[in-house]
Amino acid sequence: MIIRIFNAIIFSNIWISFGAVGTTLAYYRFTGEEINYLYLILVFFATLFAYNLQYLTDEKINPERYTQSSWLLNNIKLIKIITFSSFVICSLLSLVIFPIHVLIMSLPVFLIVYFYKKGKINRFSLRSIPLIKIIVISFCWMWLSSIIPHLINYNHINWNISLFIFFYVFTITLPFDIRDSNFDNDSLMTFPQIIGKKGTYFFSVSMILFLVLGALYFSKYSLVIFLFVTLLLILPTFKSRKEHYYLFVLDGLLLVFPIFVI
């Protein structure tokens, strides 16, 4: 029973949605702004919607993610309910929270999420553009967890924390691309398909060291500790790990992110 509940939390994307909340909390701690708890609720359901939307078109078992894809196929009705409910909730919250200019600016991001993968209606996929997959993911995380909350209160963007979030999400997503490289279509042109698995692995490690230098430059020593914890958890991905290592451990870094923002 415990394992079934655990898998449901991970595979239904509840865990990663809490990770988005954690990342947004990191933004609030970094800027010192008052936490908008209603917006945190929106972040949770927007992430839940975006991630589950991508799984609605999955109709076969992914051998690289056998446990996850099997669970999704067996619970597709639940995923549809979660996706629709999350969309309604975050749409209503957006109308309540967002100033009109933020609402208008966010519409293109919604289209990016919708056209990320091919669906029954849309036949175009952004993922078909070389290297765009990881950039889209990183941009959406940056937009949701740092740019929007700043635009709600100000007319400019805090690029320090926004770029940190972009490059951090970019970095911890690379091991996922390595894991999926045997299954991904060659037309996706992901980093492992272009520079190889080893090249992508060392690129991920190099990105962590790059972020460490940035944290040191801004005297954010607690973030340096967080980045070294991240490095220690990325190092084992040189060899393929079980699904839960990626979905629970690596994604779990985003939940503890705000603890290290002082």
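A disulfide is a pair of cysteine sulfur atoms within 2.5 Å. This is a predicted model, in which local features need pLDDT of at least 70 and side-chain atom pairs count only at pLDDT 80 or more, while totals for chains, interfaces and linings use all residues. Residues are numbered from 1 along each chain as its sequence is written, and side-chain values use heavy atoms, with hydrogens and water left out.

Q: How many disulfides does the structure hold?
A: Cys90 takes part in no disulfide, the nearest cysteine sulfur being that of Cys140, 13 Å away. Cys140 is likewise in no disulfide. The number of disulfides in the structure is 0.

Q: Is Cys90 buried or exposed?
A: Buried means under 20% relative accessible area, exposed over 50%, and partly exposed in between (1.4 Å probe, protein chains only). The relative accessibility of Cys90 is 8%, so Cys90 counts as buried.

Q: How far apart are the end C-alpha atoms of helix 9?
A: Helices are DSSP runs (H or I, at least four residues), numbered from the N terminus. The expected span is 1.5 Å times one less than the number of residues. For the 27 residues of helix 9 (191-217), a straight helix would reach 39 Å, but the end C-alpha atoms are only 28 Å apart.

Q: Which helices do the buried residues of helix 9 pack against?
A: These buried residues include Tyr201, Met207 and Leu211. Contact means heavy atoms within 4.5 Å. The packing partners are helix 7 (132-153), helix 8 (159-180) and helix 10 (221-234).

Terms used: Helix = DSSP H or I, 4+ residues; strand = E, 2+ residues; numbered from the N terminus.
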